[in-house]
Amino acid sequence: MAFIKSFVSGEGYDTELSAIDKANEMLEKAEMAVLFCIMHRKTGLSLKAHFLSELPDLSPLADFLLYLNLSYNSLDCFPSEVFQLQYLQVLKLRNNPIKSIPGEISNLMNLKFLTISFNLLTTLPPELFALPNLQSLDVSYNELEYIPNEIQNLRSLTYLNLEGNLLYSLPCGILKLQLSHLLVENNFLHVCFWSETFLMQPQCLKDMAALCFVKHQLWKIYHHLPEEIHNIISSFTGCDCCTGPLYGKGFRFILIYRNAYGLRLPYQFSACSPDCYTAFVKSAVPTDGC
């Protein structure tokens with residue numbers, strides 16, 4: 001009865017209008033902030049806590065904007081307007097309900113600092129690891145279960161914040177980075193989980209057969225291969241333990257290393273074969289032992 005009375009009196013409708021008016025008011029404020037940047041050629045723009053679900057047109061800022069803060073808004077998708085900002089160096093997207101980062105992130109070739117913490121990310125795209133100038137990456141407090149090993153391609157990276165995710169191990173590619181700060185608290189990296197994460201993952205028979213074919217150069221004998229087989233042996237990545245090809249996920253295992261801060265952390269490796277794994281473990285000397 002109370003709901004009917006409220007509906008008849010128009011209270012619910014007024015509340016809805018009030019919310020729409022408030023959203024329009026905040027969007028107008030954002031548009032004014034963009035206009036102010038244009039008029040004064042400001043290289044920084046903060047739209048923090050404007051509760052925006054969409055952004056105003058940012059294209060007039062494309063030639064000079066270096067800093068953009070979009071934290072504490074209601075953006076449920078990564079804002080495509082950002083990809084027009086070719087000179088952008090700092091992008092902050094903290095506390096938004098963003099679920100994924102699109103591959104167009106690779107357009108931001110000048111990006112140095114990316115903060116996208118307290119969002120809803122479950123994966124990171126490979127294009128993110130193609131940014132040549134990225135120095136700081138904060139993806140803390142998302143829902144990431146793994147970090148791609150391609151992170152090793154971020155050779156300029158010195159600050160990495162992975163706190164508050166769902167990680168059981170770290171990619172071995174992190175060991176190749178010259179990090180001054182690595183933050184990993186509030187994950188599942190604790191020693192009590194090592195008995196589970198230490199379980200080795202066997203290789204797929206198809207991947208082992210492809211490696212054997214290439215290793216023994218059997219193409220010299222079998223000149224005419226079916227297209228399906230040719231596609232299989234042409235699709236590989238690099239082995240974490242040697243310089244050879246890696247088919248599929250490889251022979252996966254974990255080693256424990258102590259980092260510069262004294263933390264013993266599990267790193268996941270993928271070997272191209274059990275023989276490669278054996279040779280690597282014998283020659284590898286983790287900073288804390290296995």
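Modeller: Before we start, a definition: the radius of gyration is taken over C-alpha atoms, and the globule rule is 2.2 Å times the number of residues to the power 0.38. Please also keep in mind that this is a predicted model.

Colleague: Okay, so what radius of gyration does the protein have, and what would a compact globule have?

Modeller: The protein has a radius of gyration of 25 Å, whereas a compact globule of 290 residues would come out near 19 Å. Along its principal axes, the C-alpha trace spans about 80 × 45 × 45 Å.

Colleague: How many helices and strands are there?

Modeller: There are 6 helices and 12 strands in the protein. Of the contacts with a separation of 6 or more, 35% are accounted for by residues 24 or more positions apart.

Colleague: What share of the residues is buried?

Modeller: Buried residues make up 41% of the 290, and the accessible surface comes to about 16,200 Å², with 57% of that surface belonging to carbon and sulfur atoms.

Colleague: Switching to aromatics, how many pairs turn up?

Modeller: A search of the whole structure finds 14 aromatic pairs. In the pair of Tyr 168 and Phe 188, the ring centres are 5.0 Å apart and the planes lie at 20°, so this pair counts as stacked, given that planes under 30 degrees apart count as stacked.

Colleague: Where do Tyr 168 and Phe 188 lie?

Modeller: Tyr 168 is in the loop between β6 (159–161) and β7 (170–171), while Phe 188 is in the loop between β8 (181–183) and α3 (194–197), so the pair ties together parts that are 20 residues apart in sequence. Tyr 168 is partly exposed, with a relative accessible area of 34%, and Phe 188 is partly exposed too, at 28%.

Colleague: Which rings are linked into a cluster?

Modeller: Ring pairs link Phe 251, Phe 253, Tyr 257, Tyr 267, Phe 269, Tyr 277 and Phe 280 into a cluster.

Colleague: One more residue, Thr 115: buried or exposed?

Modeller: Thr 115, which lies in strand β4 (residues 113–115), is buried, because its relative accessible area is 18% and buried means under 20%.

Colleague: What is Thr 115 in contact with, leaving aside neighbours within four places in sequence?

Modeller: With those neighbours left aside, Thr 115 is in contact with Leu 91, Lys 92, Leu 93, Arg 94 and Asp 138.

Notes: Residues are numbered from 1 along each chain as its sequence is written. This is a predicted model: local features need pLDDT of at least 70, side-chain atom pairs count only at pLDDT 80 or more; totals for chains, interfaces and linings use all residues. Side-chain values use heavy atoms; hydrogens and water are left out. Helices (H or I, at least four residues) and strands (E, at least two) are DSSP runs, numbered from the N terminus. Buried means under 20% relative accessible area, exposed over 50%, partly exposed in between (1.4 Å probe, protein chains only). Contact means heavy atoms within 4.5 Å. Accessible areas come from the Shrake-Rupley method with a 1.4 Å probe; for residues, only the protein chains shown count as cover. Rings of Phe, Tyr and Trp (its six-membered ring) pair if their centres lie within 6.5 Å; planes under 30 degrees apart count as stacked, over 60 as edge-to-face and the rest as tilted.
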